[in-house]
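Subject: Structure for your review

Dear colleague,

Please find below the structure that I am handing over to you. I would ask you to look at it first and then to read the notes that follow.

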Amino acid sequence: MVKYYNSLKSRLIRHSTRQSMFRSLAIAISLGVIVVQTAAMTGNLNAETAAVEQAATKRAEASLDMLASVHTQSMLNRKGTDDNDGAIATLNGTMEQFSKSNDHVKLWMVMGPKIVAFQKANRQNEIELPRDQVDNIALQTGEVQSTIVKGKLRQTRPIIFGQGAAAADACGSCHADKMGTKLGEVMGAYSAAVDMAPENATWWTNAKREMATTFFLTLAVIAMMLFLLRQITLRPLGHLARSTNQLANGALDVEITGDDRPDEIGDMARSLKIFRDDLSDKRALEAQNLYRAQYDEMTGLANRSTFMQQLQVEVESAAAQNQQVAVIGIDLNRFKEINDRHGHAIGDGLLVQLAKRVTRGLDDGEFVSRFGGDEFVAAKRFTLNEELDEFIDRMEAAMLQPIKVDQLMLTPGASLGVAIYPSDAETAAQLVANADLAMYRAKADPNANVGRYEAAMDERARERRALSIDLRTALRNGQFKLHYQQQNSIETGEIFGYEALLRWTHPVLGSVAPDYFIPIAEENGEIIPIGEWVLRTACAEAACWNNDMRIAVNLSAIQLGQGDLARRVHEILLETGLSPRRLELEITETAIVADKDRALGTLRMIKALGVSVALDDFGAGYSSLATLHAFPFDKIKMDRAFIWEADKRPESRAIIRAIIAIGHSLNVPVLAEGVETENQRALLLSEGCLEAQGYLFGKPRPETELAHETATSVASTATPKSRKTKTPKVVRKAA
Ligand code: C2E
Ligand code: MG
Ligand code: MG
């Protein structure tokens with residue numbers, strides 16, 4: 001891109017060199033016009049000058065002609081040849097008169113030396129002498145003298161004896177006699193001084209006109225050249241240069257003209273257009289990348305890093321203004337299920353709709369982000385607790401109300417956890433972590449959607465972290481053992497199998513409940529080796545029993561997710577020598593939902609080995625009929641919560657009845673978990689449930705304590721006698 005820009009730039013520079021050449025050419029042409037025009041003007045003015053001189057000369061000649069004839073006439077008119085005075089007076093008067101009526105002409109007569117001498121000797125001294133060089137030269141050479149000095153024409157015409165007016169007979173004899181002159185001899189001269197002011201005035205007028213014409217013509221030529229230069233080259237080039245600079249300065253909405261021209265400027269404009277479009281694409285991509293770095297592309301909400309930055313700012317401003325900042329961690333409860341059931345497009349649609357809902361009507365200081373998956377985090381800066389309560393209610397309502405996605409009405413449910421600055425945490429990161437803890441607390445509580453952070457949660461989280469570390473070495477250190485809880489026929493009390501239950505004796509904490517440590521082992525992956533150890537140990541121990549009693553082993557969702565689980569089970573069975581018919585694997589519905597197709601595939605392979613599969617804790621989770629339909633379970637284990645509530649809540653009893661009826665219709669035995677009292681036993685029996693497990697029959701015990709049962713039992717493999725014979729009857733009774 002940079003190369004492209006540089007090449008364009010250099011082309012522009014090259015072009016501007018050419019443009020300056022063109023400019024020089026234009027100037028040269030203009031100068032040429034000036035020279036030609038000036039030459040023409042000078043020629044015209046010279047001709048004008050010549051005409052002025054000619055006119056002045058003509059005026060001088062006419063004046064001298066007149067003087068000559070007046071001179072001749074006045075001489076001829078005198079009384080006697082010796083009486084010149086009158087004639088001279090006439091002549092002088094005429095000349096004076098003439099000068100008066102002709103403003104710019106002055107006339108006089110000069111006499112040659114012979115006449116002067118004659119006059120001096122014989123007459124008064126009234127003869128005019130030569131006035132200047134011109135007169136003198138004319139008298140000496142006998143030729144007409146003419147010169148122009150300072151705008152004045154001086155002309156002197158000699159009077160030559162025998163020529164012109166002096167040729168008159170009367171004059172000739174008189175001059176020859178009295179002054180001793182000869183033919184052809186200069187006797188004097190007529191002289192005229194013509195002031196050329198009128199001619200010069202005309203000249204000036206003409207000169208000014210000529211100069212003005214030249215000036216305006218030149219100006220017009222230059223203007224035309226500049227106009228053409230500007231229109232053809234300078235303007236489009238200037239526009240291109242401006243566009244290029246604007247592009248270089250980051251503007252993209254640059255208008256580029258001239259791309260339809262067939263010349264090089266057109267080429268450059270087209271190149272610049274391509275460059276601009278490329279740059280726009282690049283900028284769009286950069287903007288997109290920037291957006292991706294800051295926002296969640298699907299929902300348009302801020303992503304984690306943007307949220308954290310904003311939260312940091314809010315925390316700082318809250319600290320400065322003595323305010324509080326609440327962070328609400330939000331996690332959907334059934335997102336995975338919705339995704340699995342309706343597909344990812346619906347799942348995505350749900351997230352988008354939720355994002356729209358939570359951002360609707362956000363106030364100042366409130367913001368929401370998506371951290372990923374179905375995890376949202378909201379924050380608010382506030383002063384009064386009521387403000388926070390209102391915000392929490394708003395977020396809760398937005399998350400919990402059913403939502404329509406592509407004609408489907410979905411109720412994803414959500415858990416919200418609230419942590420507050422500065423009471424619950426002092427930093428933005430800690431605030432988010434604590435809101436998360438509170439959210440998990442809400443998730444674990446079936447009766448609450450919103451959990452508030454408490455310092456004890458931190459303790460719990462720390463404890464979980466510590467346990468997670470300890471779990472990694474627990475197996476190696478032999479801290480696990482198995483307890484077995486019997487499974488009985490409700491009717492006869494006969495034992496037909498045992499459930500293996502894992503026990504962990506922590507070196508410091510002592511006995512840790514599996515409900516507590518198994519989720520931790522699932523989180524850190526330790527459940528895989530631990531689960532395998534449980535399976536191997538249970539199979540090995542049961543294989544040593546002197547009966548065919550069934551052994552039930554719990555499988556975690558993580559184990560079910562292993563591709564080679566069926567092979568592992570097969571190997572362990574071979575290794576321990578336990579008959580597959582004696583092994584029952586318990587899995588919960590949650591484990592199947594995680595990856596239904598894969599889980600069901602694995603279960604089918606396990607079943608193909610001859611191992612039976614029980615659905616554990618049915619009724620507690622999804623309780624989906626679809627799950628029951630999708631896989632032929634060998635047993636349904638009814639969750640203990642229903643049994644405990646059966647006495648008090650009629651709904652629980654109704655559910656118990658429904659589950660038993662489902663089992664009957666599918667021809668799958670139902671085992672009731674957690675039977676603790678005789679009442680519960682009687683109730684179950686009256687509802688047609690034939691199998692049970694619970695403290696009423698026996699608590700989970702170490703294998704050693706089972707010795708006499710496992711040694712003496714006569715129960716047949718897999719099925720209690722009572723079920724084979726009595727199920728139809730009891731169920732009929734229940735119905
Ligand atoms: P579960 O598979 O539903 O096991 C039955 C639980 O109910 C056992 O709790 C058992 O002690 C308890 N129980 C049975 N009868 C009664 C009764 O009458 N009253 C009361 N209050 N409780 C009764 P336990 O051993 O604490 O195990 C809890 C859960 O931990 C198990 O529930 C199972 O989900 C899990 N678990 C235990 N051992 C393993 C294991 O080896 N692997 C896996 N993945 N999970 C295990
Ligand atoms: Mg179980
Ligand atoms: Mg159970």
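A search of the whole structure, which is a predicted model, finds one cavity of 30 Å³ or more. The volume of this largest cavity is about 60 Å³. Its lining consists of Ile528, Glu532, Leu535, Leu555, Gln559, Gln562, Leu565, Arg568, Val569 and Ile572. Two elements give two or more residues each to that lining, namely helix H15 (527-543) and helix H17 (565-576). Of the elements involved, H17 gives the most, with four residues. Sorted by class, the lining of the largest cavity holds six nonpolar, two polar and two charged residues.

I turn next to the metal ions. The magnesium ion (ligand 3) is 3.8 Å from the magnesium ion (ligand 2), and both are coordinated by Asp616. Glu499 belongs to strand S13 (residues 495-506) and Glu586 to strand S16 (residues 583-588), so this pair ties together parts that are 87 residues apart in sequence.

Are these two glutamates buried or exposed? Glu499 has a relative accessible area of 4% and is therefore buried, because buried means under 20%. Glu586, at 1% relative accessibility, also counts as buried.

The surroundings of ligand 1 deserve attention as well. This ligand is surrounded by 24 residues, and the closest are Arg503, Asn554, Arg640, Glu676 and Tyr695. For the side chain of Asp617, the corresponding distance from an N or O atom to an oxygen atom of ligand 1 is 3.1 Å. In Tyr695 a polar backbone atom takes part, at 2.8 Å from an oxygen atom of ligand 1.

Finally, some details of the backbone should be noted. Most residues other than glycine have a negative phi, and most peptide bonds are trans. Asp617 lies in strand S17 (residues 612-618) and is partly exposed, its relative accessible area being 29%. Asp406 also has a positive phi, near 50°. This aspartate is found in the loop between strand S8 (403-405) and strand S9 (408-410), and at 60% relative accessibility Asp406 counts as exposed. The peptide bond from Tyr421 to Pro422 is cis, with omega near 5°. Pro422 sits in the loop between strand S10 (414-421) and helix H12 (428-444).

Yours sincerely,
A colleague

How values were computed
Residues numbered from 1 in each chain as written. Chains lettered and ligands numbered in written order. Predicted model: local features only at pLDDT ≥ 70, side-chain atom pairs only at ≥ 80, totals over all residues. Heavy atoms only, no water. 1 Å grid on protein atoms, 1.4 Å probe; cavity = no way out; pocket = protein on both sides within 12 Å on 5 of 7 lines; lining within 4 Å. Points joined across faces, edges and corners; volume = space filled by probe spheres on them. Nonpolar A, V, L, I, M, F, W, Y, C, P; charged D, E, K, R; others polar. Donors = N, O, S within 2.8 Å, 3.2 Å for Na, K, Ca; no water. Buried < 20%, exposed > 50% of the residue type's maximum accessible area, 1.4 Å probe, protein only. Near = heavy atom within 4 Å. Polar contact = N/O pair within 3.5 Å; in protein donor to acceptor, adjacent residues only side chain to side chain.
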